[in-house]
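Q: How do I read the metal sites in a model like this one? Please show me the structure before we start.

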Amino acid sequence: MKTCPNCNAEIEDSFEICWNCNYSLTENKIIDFIDEQAVNKKDINCLRCDVKLLYSGNYHFHEGTRYGLLGNLFELFVNKESFDIYVCPKCGKVEFYVP
Ligand SMILES: [Zn+2]
Ligand SMILES: [Zn+2]
């Protein structure tokens, strides 16, 4: 266990960012994730329907994940740890974005 120098929360040794205050132990400052995500998670419209896509979560890969039927698609993301999934509420089109 490490201790956050900013808020004194206990941090797992494998983490480099404080779960409590977003203080980065590598950059020695608080990283503002929230603003960045708010910008990324809006204003994506379906190209066909011109309807705003709904953010439906972040999909994380784990070692040994079997890609199954969607293998060809997921191979595109093989070097990424995770990606965001957006769904069009009108036509059901699914879009993937790398965070
Ligand atoms: Zn902290
Ligand atoms: Zn659509």
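The dialogue below goes through the metal sites.

A: Some ground rules come before the sites. This is a predicted model, where local features need pLDDT of at least 70, side-chain atom pairs count only at pLDDT 80 or more, and totals for chains, interfaces and linings use all residues. Residues are numbered from 1 along each chain as its sequence is written, chains are lettered from A and ligands numbered from 1 in the order in which they are written, and side-chain values use heavy atoms, with hydrogens and water left out.

Q: Which atoms are the protein donors of the zinc ion (ligand 1)?

A: Donors are N, O and S atoms within 2.8 Å of the metal (3.2 Å for Na, K and Ca); water is not among the atoms, so sites may look incomplete. Here they are the SG atoms of C4, C7, C18 and C21, 2.2 to 2.3 Å from the zinc ion (ligand 1). Their spacing along the chain is C-x2-C-x10-C-x2-C.

Q: What arrangement do the four donor atoms around the zinc ion (ligand 1) make?

A: Four donors count as tetrahedral if all angles lie between 85 and 135 degrees. Around the zinc ion (ligand 1) the angles are 107 to 113°, so the arrangement is tetrahedral.

Q: Is C4 buried or exposed?

A: Buried means under 20% relative accessible area, exposed over 50%, partly exposed in between (1.4 Å probe, protein chains only). C4 is buried, at 0%. C18 is buried too, at 1%.

Definitions and conventions. Tetrahedral: all angles 85-135°; square planar, octahedral: opposite > 155°, others 65-115°.
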